[in-house]
Amino acid sequence: MKIDMILVFAVVTGLVAIPYIAFILFGSGRTKKLSTRLKDEAKLKGLNLEQKENWNSRAIGLDTQKGQLLFGQLLDDTVTVQHLDLNTVSRILVHEVVVSKKIDGKHQQTLEAVNLEFISKTAEASRMLSFYDSEIDPAQNYEVKRAKKWNELIEAQLTPARRTAVAA
């Protein structure tokens, strides 16, 4: 009787544990691909990314010494990496795109996109980094909070340049 219970316990545990482990192993391949590409790009440009974060097929890294930012995004198994020189940025803004929809007879606000806009010191066009897009990935994972956090980190990088400009 005791062997039967051990066998049932082992089978049930296996039925739960094997899919869980498989999801972790197969799902982390995309994340590793993005992370590896961001590290390779940082190494290629001679950057030391002190601040890094990965989420929902996106990764961001900041070199505070050189004032450089790398942002990577994985779309359709293609990794794109954007490099931003923060020394050419005058300010940064967080854009939240919220749409009002009528669902079940009630008006509800839904978050459609969260972007960081980098406004250049020169007449160059501003650049946008997409922290969240509901059409690409409908699952939200604190993107507004994350965008505001990175806004503060990057603003801290921009403030020493502003202080020296005002003092001069």
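Biologist: In the hairpin of β2 and β3, which residue takes a positive phi?
Modeller: This is a predicted model, in which local features need pLDDT of at least 70, side-chain atom pairs count only at pLDDT 80 or more, and totals for chains, interfaces and linings use all residues. Residues are numbered from 1 along each chain as its sequence is written, and side-chain values use heavy atoms, with hydrogens and water left out. Strand β2 (residues 58–63) runs antiparallel to β3 over six bridges, where two strands are said to pair if DSSP finds at least two bridges between them. Four residues lie between the strands of this hairpin, and the one with a positive phi, near 70°, is Gly67.

Biologist: Which residue in β3 is the bridge partner of Asp63?
Modeller: The elements named here are DSSP runs numbered from the N terminus, helices being H or I over at least four residues and strands being E over at least two. In the antiparallel pairing of β2 with β3, Asp63 has as its bridge partner in β3 the residue Gln68.

Biologist: Which residue takes a positive phi in the hairpin of β3 and β4?
Modeller: Here β3 pairs with strand β4 (residues 78–85), again in the antiparallel sense, over eight bridges, and one of the bridges joins Gln73 to Thr80 in β4. The hairpin has two residues between the strands, and a positive phi near 55° is taken by Asp76.

Biologist: How many of the eight residues of β3 are buried?
Modeller: Buried is taken as under 20% relative accessible area, exposed as over 50% and partly exposed as in between, with a 1.4 Å probe and protein chains only. By that rule β3 is largely enclosed by the rest of the structure, because the buried share of its eight residues is seven.

Biologist: Are the rings of Phe71 and Phe131 stacked or tilted?
Modeller: Rings of Phe, Tyr and Trp (its six-membered ring) pair if their centres lie within 6.5 Å, and planes under 30 degrees apart count as stacked, over 60 as edge-to-face and the rest as tilted. Phe131 is buried at 0% relative accessibility, and its ring centre lies 5.7 Å from that of Phe71 with the planes at 20°, so the pair is stacked. The two residues are 60 apart in the chain, Phe71 in strand β3 (residues 68–75) and Phe131 in strand β7. Both are buried, and with the planes at 20° the pair counts as stacked.

Biologist: Which three residues form one aromatic cluster?
Modeller: The count by the ring rule comes to three aromatic pairs. One of them is tilted, because the rings of Trp55 and Phe131 have centres 5.0 Å apart and planes at 35°; this pair links Trp55 in strand β1 (residues 51–55) with Phe131 in strand β7, 76 residues away. Trp55 is buried as well, at a relative accessible area of 4%. The residues that form one cluster are Trp55, Phe71 and Phe131.

Biologist: What polar contact distance joins the side chains of Glu112 and Lys101?
Modeller: Glu112 is found in strand β6 and counts as buried, with 18% relative accessibility. Leaving aside residues up to four places away in sequence, Glu112 touches Val97, Val99, Lys101, Tyr132, Asp133 and Ser134, a contact being heavy atoms within 4.5 Å. A polar contact is a pair of N or O atoms within 3.5 Å, where within protein one must be able to donate a hydrogen and the other to accept it, and residues adjacent in sequence count only if both atoms are side-chain atoms. Between the side chains of Glu112 and Lys101 the polar contact is one of 3.3 Å.

Biologist: How far apart in space are Ala156 and Thr64, C-alpha to C-alpha?
Modeller: Ala156 is found in helix α2 (residues 143–167), where its relative accessibility of 45% makes it partly exposed. Although 92 residues separate Ala156 from Thr64 in sequence, their C-alpha atoms are apart in space by 9.4 Å.
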